[in-house]
Structures are given as C-alpha cells and as structure tokens.
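Here is a short briefing on one protein chain.

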Amino acid sequence: MAYTEEWVSARARDAYEHGRASFDVRPEHTALLVIDMQDEFVRPGWSPYWVPAATRMAPTLLRLVDACRTASVPVLWTIFDDTHLGLDRPHALRFLPHADTDWRRPGPAEVWAPMGRRPDEAVIRKPSYGAFYDTPLDTMLRNLGRDTVIVTGTLTNYCCGTTARQAYERGYKVVFGSDVTATDDESRQEPELAVLRKGFALVLTAEEIADRLATPAD
C-alpha cells in the first residue's frame, strides 16, 4: 500500500478528534488527581492567575470527586506552591511571560475551600507544572496499588497536561477529564485535549468517568 499525504493526514485528524484509548477504568486500580484547584487559580478575582473557567467547572468536578469517594477511589490533591525557598523550581521559569507579575502568595497556598478537601486526603505541594516533578506522587500511587490516574483541575495545558504526560511516561494509564479541566484561554482547551486524546490519555467527560467507575468491567 502507498500511504498518500491525504491518507496519513486523515488518519491523524481522526485520532486527534475521535481517538479513544482501549483500557478499562477499574476503581480498585485508579486514583483521582485534582490538580491545583487552589485560591490562586479558582477564587474569583483573588490573583492575576485566576482561571474563570476553572471556577465555572468546579461544581462538575465536585460531583466527580464525590463519585470517586463512593467508589473507594483515592483522591489526591496537588498545590502549586513555594517549596524549599524556590530552590527546587525550574530555573528558567523566571524568564518566561508566565512570571511577568509582581503578585506573590500572601502565605502557603491552599486548596480552594469550596472544593471540600477532606483531612484524610493527601495534598502534594509541587514546585512546577507536573505533579510528578520532585514530588512523592509516584511512590504514593505505587503504595496505593494504583496503575491508573484520572487527571482533573487546572490549567489544562500546563499542570494537567504536563502531569498526564509524566504519568504516561511512567507507565500509568491516564484518564483525562475533558469538562473537569480548565485553562485561562478557553480556545486552548480543545487543542490540548486533541493531543492527549491521540497520544497520551483516554479523554472522557466527568459523567463518562463516573459511569465507568460504577460499572464492573467485563
């Protein structure tokens, strides 16, 4: 068979738009990662890094968190914070447009209170975008016996997308919530989902994720 430009382009386009990973989502093997749903990004008007779309999707994410708790799926929260006096943060961050403000956290970052994190749910304080970078997340997941992660939170194309790629590279099956992730420019949401859909993750809505957790695998 001769693979024409039209054929390979159509194949790629279909995977970006409609690709669907083929693994099961089993609650006993799965953990929910709630990425950076903290005051800085979710509390309206509180910082220049507020992500309005994250505030809007929070009720949908809360329902998924409750569904995971019901299914005995561990819920792990992450916070982008000032750790180790900033000495563990990638050095190049200071040169990027993302750091072009004088705003500083008034104290240690916290999960946005309306998210209702429970005291028995671990919080991982991370120094960069990905939740696996210089954190104990991989050890925690392996101690929990989990080989599948559901990635939710904000920002879709920064911390969530980076975490999904890091999980994939460590051998985890990755589920990515299409309507329980959010970014600061909503036109960037679908392009990020398309890349993840084709090469890194099973992209599902919160309702689809909850249904799979509640339905025994064949």
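**Surface and fold at a glance**

The model is predicted. Of the 218 residues, 45% count as buried.

**Overall dimensions**

- The C-alpha trace spans about 60 × 40 × 30 Å along its principal axes.
- The radius of gyration is 18 Å; a compact globule of 218 residues would have one near 17 Å, so the chain agrees with that expectation.

**Secondary structure and contacts along the chain**

- The chain has 7 helices and 6 strands.
- Their order along the sequence is α-β-α-α-β-β-α-β-α-β-α-β-α.
- Take the contacts between residues at least 6 apart in sequence: 79% of them join residues at least 24 apart.

**Helix pair H5 and H6**

- Two packed helices are described by the angle between their axes and the distance between the axes.
- Helix H5 covers residues 156-169, and helix H6 covers residues 189-199.
- They pack at an angle of about 5°, with axes 11 Å apart.
- Angles under 35 degrees count as roughly parallel, and H5 and H6 are therefore roughly parallel to each other.
- H5 brings Thr156, Asn157, Gly161, Ala164, Arg165 and Tyr168 to the contact.
- H6 answers with Gln189, Glu192, Val195, Leu196 and Gly199.
- By class, this contact of H5 with H6 has 4 nonpolar, 5 polar and 2 charged residues.

Terms used:
Residues are numbered from 1 along each chain as its sequence is written. This is a predicted model: local features need pLDDT of at least 70, side-chain atom pairs count only at pLDDT 80 or more; totals for chains, interfaces and linings use all residues. Side-chain values use heavy atoms; hydrogens and water are left out. Axes are lines fitted to C-alpha atoms, for helices over the stretch in contact, and angles run from 0 to 180 degrees between N-to-C directions. Helices (H or I, at least four residues) and strands (E, at least two) are DSSP runs, numbered from the N terminus. Angles under 35 degrees count as roughly parallel, over 145 as roughly antiparallel, 65 to 115 as roughly perpendicular and the rest as oblique. Contact means heavy atoms within 4.5 Å. Ala, Val, Leu, Ile, Met, Phe, Trp, Tyr, Cys and Pro count as nonpolar, Asp, Glu, Lys and Arg as charged, and the others, Gly among them, as polar. The radius of gyration is taken over C-alpha atoms; the globule rule is 2.2 Å times the number of residues to the power 0.38. Buried means under 20% relative accessible area, exposed over 50%, partly exposed in between (1.4 Å probe, protein chains only).
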